[in-house]
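Please look over the chain shown below before reading the notes on its overall architecture.

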Amino acid sequence: MKYFSTRGGDQKLSFEETVLAGLAPNGGLYIPETIPSLPADWRTKWSSYSFIDLSVAILSLYISSEEISHDELRSLVEKSYKTFRHPEVTPLKKLNDKMFVLELFHGPTFAFKDVALQLLGNLFEFFLLRRNAKKAAGEKPEKLTVVGATSGDTGSAAIYGLRNKANISIFILHPKGRVSPIQEAQMTTVTDANVHNVAVKGTFDDCQDIVKTLFADREFNSTHRLGAVNSINWARILAQTVYYFLSFFQIQSQLPVGTNIDDIVIQYVVPTGNFGDILAGYYAKKMGLPMGKLAVATNANDILARFWKNGKYEKVDSTPVEAAGPTAPVDGSSDGKQATDASGVKETLSPAMDILISSNFERLLWYLAYETVSGTTDEKHTAACKTLDGWMSKMKNDGRVEVPVSALEAAHKDFVAERISDQVTLETIRSFFDGEPSYVADPHTAVGLAAARIIAPQNSLNVRQIVLSTAHPAKFSEAVSRALEGSSHFNFERDVLPEEFHGLLQKEKRVIEVERPEVDLVKAVIEEVAGRDEAKVATAGSV
Ligand SMILES: *Cc1c(COP(=O)(O)O)cnc(C)c1O
């Protein structure tokens with residue numbers, strides 16, 4: 001299997017090259033040449049598979065065994081998911097006869113990003129070790145310096161994915177004092193030598209600007225071989241396809257006696273930000289996993305919900321207010337007074353979904369473009385890249401692009417979309433807590449649950465909804481406590497706080513402070529630490 005850029009060019013990459021590159025040089029995202037179909041006996045053969053067995057089976061459809069042998073792949077996958085606390089890795093819980101939650105937060109940092117980042121870290125390490133083993137004595141080993149910025153909710157998943165990995169250093173910038181204490185502790189209590197938390201006196205935007213400037217600095221970038229682990233990395237999408245398959249079999253085993261899986265339709269409802277999680281579901285669907293339309297659930301940062309209403313992919317809603325009928329929030333709420341940051345992102349109670357544009361959406365747009373062109377497969381490929389490239393440059397220049405009706409129709413075949421306000425998010429947390437069984441959802445999961453409820457009446461009777469639960473409620477304690485503060489039954493420590501978080505705030509921390517949000521100060525930190533690491537390697541080498 002080879003990979004190519006959504007924006008075209010003759011470049012065909014191996015899986016290894018795709019994973020190490022992240023973004024294509026022409027700005028595109030890598031997608032597989034073809035979407036593989038499932039083996040004929042998948043339903044019987046895979047039905048008793050564990051998460052790990054399924055990972056191996058699915059990943060090997062996308063990775064040639066000449067690149068990673070079957071045994072190597074299995075050991076990478078085993079290593080990646082033994083860090084999960086639940087034996088099923090991603091358990092499925094029944095909320096009522098029609099609705100289930102697929103809990104993706106049983107990894108080391110209690111958030112769904114662990115599913116992908118645990119594997120990505122091991123893949124990076126595997127590839128670097130293999131490359132370095134081929135080097136002659138005295139030749140410089142290949143190394144990777146991963147740099148990223150976080151507002152708190154996702155930095156720890158990257159840190160846990162890369163901690164203690166050979167030939168990799170990781171620097172995660174966060175705005176000092178502006179990250180919740182639990183989230184700050186989750187990052188800074190990781191004291192492995194290759195993990196460097198950088199607390200910058202400034203805002204999240206400052207941190208992000210610094211990271212962007214570092215990547216754009218060619219000399220610095222090539223000296224330190226900067227790498228990113230952002231959500232456009234193909235390996236992350238691939239890792240996430242697995243739980244769609246697992247949950248198909250989980251639901252099959254939970255159906256009442258006499259109900260056949262062939263008589264029901266599964267609808268996945270996915271709290272969405274950068275469109276990575278739900279895109280994995282789209283690949284699962286195209287591979288042949290039976291399912292109904294995938295449901296995109298967004299918060300007030302609703303560029304995707306608006307796209308499915310009018311076919312316009314635009315940063316700022318251009319629909320005139322009086323004509324806003326179909327694009328108005330479905331719950332009738334208004335976000336008129338909602339705080340926005342400098343870039344125009346709205347601050348919501350589900351911060352991991354606070355985005356202006358969805359980076360992985362480009363991959364879906366490619367497939368939509370593909371469906372609107374004609375010719376042989378090869379001609380369609382080339383034409384789709386050209387169309388997509390045109391759309392993305394419009395987006396870059398004008399902040400908006402409108403796709404043709406045929407592309408929007410193609411999008412409607414596989415998806416529905418809903419937007420959920422903060423107010424409804426809080427009400428939803430409350431109502432599921434009061435439900436039977438009582439369930440405490442984090443605010444991201446609650447966006448999914450709320451969307452599922454809105455969509456349910458349009459579904460036929462045989463539909464079962466699976467809402468993807470993307471974070472443990474203890475990670476977003478403020479929103480959960482705010483939703484449930486009026487409830488006399490609710491006790492945060494007893495009902496939500498996992499054992500692993502007890503005493504976390506008192507643990508040993510390691511953090512480098514940067515006094516002003518200046519690129520040169522951060523560069524100096526990276527250079528000093530990298531210098532120290534080099535010196536260590538040199539001493540080790542000379543012994
Ligand atoms: C990243 C994240 C999401 C959004 O996932 P995408 O793949 O970016 O759509 C939702 N919830 C939580 C808790 C997340 O961390």
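The briefing that follows covers fold, packing, surface, charge and domains.

This is a predicted model, in which local features need pLDDT of at least 70, side-chain atom pairs count only at pLDDT 80 or more, and totals for chains, interfaces and linings use all residues. Residues are numbered from 1 along each chain as its sequence is written, and side-chain values use heavy atoms, with hydrogens and water left out.

**Fold and dimensions**
- The chain has 20 helices and 15 strands, these being DSSP runs (H or I of at least four residues for helices, E of at least two for strands).
- With a radius of gyration of 23 Å, close to the 24 Å that the globule rule gives for 543 residues, the chain is as compact as a globular protein of that length; the radius is taken over C-alpha atoms, and the rule is 2.2 Å times the number of residues to the power 0.38.
- Along the principal axes, the C-alpha atoms fill a box of roughly 70 × 60 × 50 Å.

**Packing**
- Of the 543 residues, 55% are buried, that is, under 20% relative accessible area with a 1.4 Å probe, protein chains only.
- Among contacts (heavy atoms within 4.5 Å) with a separation of 6 or more, 75% join residues 24 or more positions apart.

**Charge**
- The chain carries 58 positive and 68 negative side chains, and the centres of the two sets lie 1 Å apart; Lys and Arg count as positive and Asp and Glu as negative, without His and the chain ends.

**Domains**
- The C-alpha centres of domain 1 and domain 2 lie 24 Å apart, with bounds from an automatic or database domain assignment.
- The contact between them takes 36 residues from domain 1 and 35 residues from domain 2.

Note on methods
Buried means under 20% relative accessible area, exposed over 50%, partly exposed in between (1.4 Å probe, protein chains only). The place of a charge is taken as NZ of Lys, CZ of Arg, CG of Asp or CD of Glu.
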